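Subject: Structure for you to look at

Hello,

Here is the structure I said I would pass on. Please open it before you read the rest of this email.

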Amino acid sequence: TLLPQQQTPADGVSIPHNLTLQQAEQLLLQRSLAVLAAKYQVEANRAARLIASFKPNPTLTLGAEQFNLSGRLFKDIARTDSNSAAATTYTVRYDQLIERGGKRELRTELADNQLQASEAQMLDAARTQLYQLRLAFTTAALARENLMLVEATKQQYDQTIRLTAAKVENGDLAGVELYRVQAAALQYQQAVQQARTTYQQASRDILNLLGARVEDVQAARQIADAETDKWRSGEKEVKIANVSLRSVSISSEDFNGEPLEIEFKFDDRPLTHAPVELREQALAERPDVIAARRLYDAAAKGVSLAVAQRVRDVSIGTFLQRVGSDQTLGVNVSIPLFLHNKGFAVISQAESQKEAAATLVRQSELQAVTDVEKAYLAYQSARRTLDLYNSTTLERASKLKIIAAVSYKEGASSLIELLDAERTYNQTISSYN
């Protein structure tokens with residue numbers, strides 16, 4: 001069964017239709033359910049730390065016993081009968097447990113470490129969610145660029161279909177050529193649909209990370225400048241990978257039906273940090289590594305607390321008692337006897353937990369270094385691949401397609417050569433994206 005939907009503190013934060021990465025990151029910290037859950041855990045550990053610092057509460061005991069039930073109970077409840085064998089007794093007792101061995105200080109330090117670990121875990125949840133958000137944004141941006149590419153190519157191919165139809169009508173080509181170009185249009189329609197679906201899925205991933213639904217996005221669209229309007233309807237020049245596609249109409253249907261229209265630009269500036277610097281930075285600043293270290297510190301305090309449990313606590317009580325017509329004052333001291341559970345098993349358990357925490361620290365540090373090295377290798381590979389797609393390579397692919405289109409228009413080349421040139425161009429630009 002589904003749990004009833006509960007309102008979160010971020011439910012009142014709206015999602016703009018035109019969403020930048022900076023806006024999304026700010027919304028993520030307010031709306032992300034994973035980050036909110038980590039924040040609540042921090043508050044819980046903060047309360048636990050306060051509880052651990054408290055001294056044990058005293059106990060007040062009020063007692064009355066040995067009432068005379070011979071017939072005048074309620075009349076004699078405040079009086080005693082000296083002739084009775086069992087005199088009515090009233091007791092007021094106050095007990096206080098005195099902890100020894102620094103248990104309260106150790107509990108507080110342990111709770112401090114757990115609080116610091118939960119704060120680091122909250123930061124790690126935010127780090128992970130931010131990474132997923134940026135990944136979804138880049139995926140959506142890539143789908144958007146590819147959608148613009150295949151839509152532009154499709155519209156250019158539609159011009160080829162109209163040209164072929166005119167040639168067939170004028171008798172310059174056989175009628176079968178028109179069927180061929182119309183059949184080849186299927187691959188362009190399929191490419192547009194695939195790119196649009198990828199964009200739709202990435203936009204849903206963005207909403208999911210923001211803890212939002214499609215209904216939470218602002219219905220009104222605010223288009224502030226021409227940069228936002230660069231792929232609206234109309235005949236214009238579209239530049240893809242610095243290669244111009246002139247007189248191409250980009251339809252607003254590509255994005256008007258979507259709940260989100262992301263605004264994002266790729267950044268190919270080179271990375272200036274060396275791998276050694278990145279590893280050191282990860283080991284010093286990554287929240288998951290810091291959280292593992294704080295949990296190890298807490299486990300170490302747990303061992304000290306387990307050892308301190310073998311120091312006997314003393315419970316001191318004082319009481320005022322009235323027996324018959326006499327009033328007495330007394331003191332009690334209670335000391336536990338370690339006859340069965342002597343605390344060694346608790347110490348052994350705490351030491352095992354400390355070793356487990358130490359292993360997790362080593363694992364988190366190794367994971368951080370591995371992540372840095374894998375990411376740096378992937379970055380180097382992407383950088384080398386990007387360097388292959390210089391302006392000359394892209395211009396060659398564009399000129400090849402233009403020449404093929406002109407040749408086909410003049411009847412100097414076949415449809416297969418035109419399709420091959422357009423396929424090569426699309427693969428080049430897609431790989432560049």
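Below are notes on a helix pair, a sheet and some aromatic rings.

This is a predicted model, in which local features need pLDDT of at least 70 and side-chain atom pairs count only at pLDDT 80 or more, while totals for chains, interfaces and linings use all residues. Residues are numbered from 1 along each chain as its sequence is written, and side-chain values use heavy atoms, with hydrogens and water left out.

Helices and strands are DSSP runs (helices H or I, at least four residues; strands E, at least two), numbered from the N terminus. The axes of helix α3 (residues 103-170) and helix α4 (residues 175-209) cross at roughly 165° and come within 8 Å; axes are lines fitted to C-alpha atoms over the stretch in contact, with angles from 0 to 180 degrees between N-to-C directions. That makes α3 roughly antiparallel to α4 (an angle over 145 degrees).

The open sheet has 4 strands in the order β2-β3-β7-β8, with antiparallel pairing; strands pair if DSSP finds at least two bridges between them. Its edge strands, β2 (59-65) and β8 (326-334), each pair on one side only. Between β2 and β3 (residues 89-98) there are 7 bridges, and Ala-64 has Tyr-90 as its bridge partner in β3.

There are 5 aromatic pairs (rings of Phe, Tyr and Trp, the last by its six-membered ring, with centres within 6.5 Å; planes under 30 degrees apart are stacked, over 60 edge-to-face, the rest tilted). The rings of Tyr-389 and Tyr-432 have centres 6.4 Å apart and planes at 65°, so this pair is edge-to-face. Ring pairs also link Phe-137, Phe-264 and Phe-266 into a cluster.

Regards

Note on methods
Parallel < 35°, antiparallel > 145°, perpendicular 65-115°, else oblique.
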